[in-house]
Amino acid sequence: MLADAVAASLDHLRPWMPWARFEPEPLESRIQRLRVRRASFDTDQEYACVILTPGEGEVVGGIGLHRSVGEGALELGYWISVRHAGRGYATEAAAALTRAAFEINGVGRMEIRCDPKNERSASIPRKLGYTLDGMLRANVPGVDGRMRDTLVWSLLRAEYPSSPSASADMAAFDAAGRTLP
């Protein structure tokens with residue numbers, strides 16, 4: 001299901017997601033990458049998740065928390081398949097993972113980074129009460145090889161309780177299926 005969602009969305013994803021340039025990925029390679037992601041999740045290194053339709057019959061996209069922005073902070077990244085874009089799935093999932101990061105992981109800061117030209121992606125931190133810290137100019141290579149800018153949005157622990165994410169619908173479970181606080 002994941003491979004199908006990515007394959008159907010390549011033209012939609014390639015301008016924004018550097019990993020999409022390596023698609024289509026061979027099945028065995030994808031399986032190995034998913035195993036590594038699962039191990040990282042189980043060892044509290046990074047948290048990559050798939051977003052599914054309510055009936056879990058279709059992959060909507062992917063979302064994750066990454067330890068790439070410093071001590072006590074997590075970066076939130078996401079993508080949505082072209083078929084499901086514009087329906088609020090990314091906002092809902094981002095709110096739930098923001099809540100999990102503050103309430104379960106106990107972070108002091110969350111970040112969302114995106115290309116300034118990706119207006120849909122930039123609308124999500126706005127909706128969730130993140131603050132635009134600024135723009136890093138020509139800081140990462142784009143999919144075309146040219147350096148591109150990055151918007152950096154943040155939400156601090158003190159700001160979290162009054163943000164829309166604090167009331168997001170969320171349930172989290174440990175490996176044994178027990179509900180996490």
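**Backbone, core and pocket of the predicted model**

With a relative accessibility of 43%, Ala138 counts as partly exposed, because this value falls in the range between buried, under 20%, and exposed, over 50%. The structure described here is a predicted model. Ala138 is part of strand E5, and its backbone has a positive phi of about 45 degrees although the residue is not a glycine. A positive phi is also found at Asp44, where the angle is about 55 degrees and the residue is again not a glycine. Asp44 is placed in the loop between helix H3 (27-42) and strand E1, and at 46% relative accessibility this residue, too, counts as partly exposed.

Strand E5, which spans residues 131-141, pairs with strand E6 in the antiparallel sense over seven bridges. The segment that comes after E6 contains Gly177, which is partly exposed, with a relative accessible area of 48%. Gly177 and Ser9 are separated by 168 residues in sequence and, from C-alpha to C-alpha, by 33 Å in space.

In soluble globular proteins, nonpolar side chains tend to be buried together. In the present model, the largest nonpolar core has 31 residues, and those with the most contacts inside it are Ile63, Leu65, Leu76, Tyr78, Met110, Tyr130 and Trp153. At least two residues of this core are supplied by each of strands E1 (47-52), E2 (59-66), E3 (73-80), E4 (109-114) and E6 (147-156), and likewise by each of helices H4 (89-103) and H5 (119-127). Helix H4 provides the largest share of this core, namely nine residues. Another core, of nine residues, lies apart from it and includes Val6, Ala20, Val59 and Trp79.

Grouped by class, the lining of the second largest pocket has six charged, five nonpolar and one polar residue.

Methods: Residues numbered from 1 in each chain as written. Predicted model: local features only at pLDDT ≥ 70, side-chain atom pairs only at ≥ 80, totals over all residues. Heavy atoms only, no water. Nonpolar A, V, L, I, M, F, W, Y, C, P; charged D, E, K, R; others polar. Core = buried A, V, L, I, M, F, W, Y, C linked by side-chain atoms within 4.5 Å. Buried < 20%, exposed > 50% of the residue type's maximum accessible area, 1.4 Å probe, protein only. Helix = DSSP H or I, 4+ residues; strand = E, 2+ residues; numbered from the N terminus. Pairing = 2+ DSSP bridges.
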